[in-house]
Each structure stands twice: as C-alpha cells, then as structure tokens.
Amino acid sequence: MPARVNQDGASQDGASQDSASQDGASQDSAGQDSASQDGVDRIVEQWDAQRPWLDVSPMQVFGRLARANRLMDQQLDIAFSRHGLDSGSFDVLATLLRDGPPHRLTAGALQRSAMITSSAVAQRLNRLESRGLVTRSPNPDDARATDVTLTERGRALIGAALPDHVANEHRLLHGLSTRQRAALAALLRSLIQSIEGASPLPPPE
C-alpha cells in the first residue's frame, strides 16, 4: 500500500520513521550517559538525594583525583618493581639523573624536589646507598650539608627504568588525545595553584 501523504505533501510513514530514529538516538544517548557514570557519580547522586541543600560538587573533582591516584600508583609500582624500585627510590634516582653531571645534589635539595620530609629522604637514601646506587659525602662548602651522588650502578639502573616508566605512563593515558592530555595538564596546574593559594582553614568554633 502506498504511503499516505498529509496536506504538506510529507509522507506520514517517513515522519514515523524519523520519529523512531530520534527516539532510538535518545535511547542510545541515555544508555551511553548511564554507561559512562562511575562510582563518584553514584556517590554524588546519593548525597543530592539525602542532603539536597548541600553543594557536594567538589566531590566530582576530589573523588576522581583520589581514585585516579590510587589506580595510577598501583600501575606505576608494577613497572618500578620490575627494576627493583619503588616510587620513592625512583624519584631520588631520577632527580639525580636529570640534574645532569656530576649527578650530585645535597640531601636538602632532594627533599625540596620530592616535597617530602627529611626523615623520608634519609630512609630512601639508606636503602639506595646499601644497594650501591648512591653515595653520600660531606659537602665541601657547608659542613651541615650532605652531598648525594649517583653511582655508575645507579645511573645504569635508572637509565633502564626511565624508558619503561615513560612508556607505562603513555599506556595509562591511551584513552586521551594529545589535546585532551594538554588540557588536563593545564587544569591540574590550575588546581594545584588554587589549592596552594587557598585561604587557611578557619579554626574550629
């Protein structure tokens, strides 16, 4: 039977097909939105239901940062362990390597670079020195300072571990385009500046 035509000359059957197509597209979009939700979305939805007057939108950021950090540490540690390292030891060796010859820094400079406590640096250096990866010696210009130098063995180890680490990072970012990576890096830089510049937390009342 031929398709019925309305007064405008449009096929009613065709209109029905267009409507069905739009409905299908809407369903597909809804399905994609639902599939793209993560645990943070569900947590926020629960809070919105239980405390609708409370703006919990920061959880969208900090919740995902925390989850990404946990997942990232797990994956990066796998690559570090293949070279007999952990993230802290890698940081020390990599800092000495990228500083250039003679690959020597004071313990204080290493602490500032890694943004950790002096006791944490000392623990890392103890482990690395016991393995012959670094040496420690008095600083000739400051009796209170200690120089940390990368040994040949340490240079060989970090030289092998570094390409594997970078390749692992690329693997973890495979789902982001070059533009998305640049945008994310810029946003994270802004976030760090925002946190560093935030006003002090008021004292408890």
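Leaving aside its neighbours within four places in sequence, Val-121 is in contact with Ala-107, Gln-111 and Ile-116. This residue belongs to helix H6, which covers residues 118–130, in what is a predicted model. With a relative accessibility of 3%, Val-121 counts as buried, because the cut-off for that class is under 20%. The C-alpha atoms of Val-121 and Val-92 are separated by 8.4 Å, although the two residues stand 29 residues apart along the chain.

**Overall architecture**

- The protein contains eight helices and three strands, and these elements follow one another along the sequence in the pattern α-α-α-α-β-α-α-β-β-α-α.
- Of the contacts between residues at least 6 apart in sequence, 46% join residues that are at least 24 apart.
- Buried residues account for 20% of the 205 residues in the protein.

**Helix H2**

- Helix H2 runs over residues 39–50, and its twelve residues should span 16 Å at 1.5 Å a residue; the C-alpha atoms at its ends are 17 Å apart, which agrees with that expectation.
- The buried residues of H2 are Val-40, Asp-41 and Val-44.
- These three cover an arc of only 100° around the axis, and they therefore lie on the same side of H2.
- Gln-46, Ala-49 and Gln-50, by contrast, are exposed on the other side of H2.
- The N-terminal end of H2 is capped by Asp-38, which has a side-chain oxygen 3.1 Å from the backbone nitrogen of Val-40; Val-40 is itself one of the buried residues of the helix.

**Confidence in the model**

- The average pLDDT of the protein is 85, and 82% of the residues score at least 70.
- Over residues 1–12 the pLDDT is below 50, and this stretch has seven contacts in the model beyond near neighbours in sequence.
- Residues 24–32 also have a pLDDT below 50, and beyond near neighbours in sequence this second stretch has zero contacts in the model.
- Where pLDDT is low, the predicted coordinates should not be read in detail.

Key. Residues are numbered from 1 along each chain as its sequence is written. This is a predicted model: local features need pLDDT of at least 70, side-chain atom pairs count only at pLDDT 80 or more; totals for chains, interfaces and linings use all residues. Side-chain values use heavy atoms; hydrogens and water are left out. Helices (H or I, at least four residues) and strands (E, at least two) are DSSP runs, numbered from the N terminus. Buried means under 20% relative accessible area, exposed over 50%, partly exposed in between (1.4 Å probe, protein chains only). Contact means heavy atoms within 4.5 Å. The expected span of a helix is 1.5 Å times one less than its number of residues. The arc is that of the directions from the helix axis to the C-beta atoms. A polar contact is a pair of N or O atoms within 3.5 Å; within protein, one must be able to donate a hydrogen and the other to accept it, and residues adjacent in sequence count only if both atoms are side-chain atoms. pLDDT is the predictor's confidence in each residue, from 0 to 100.
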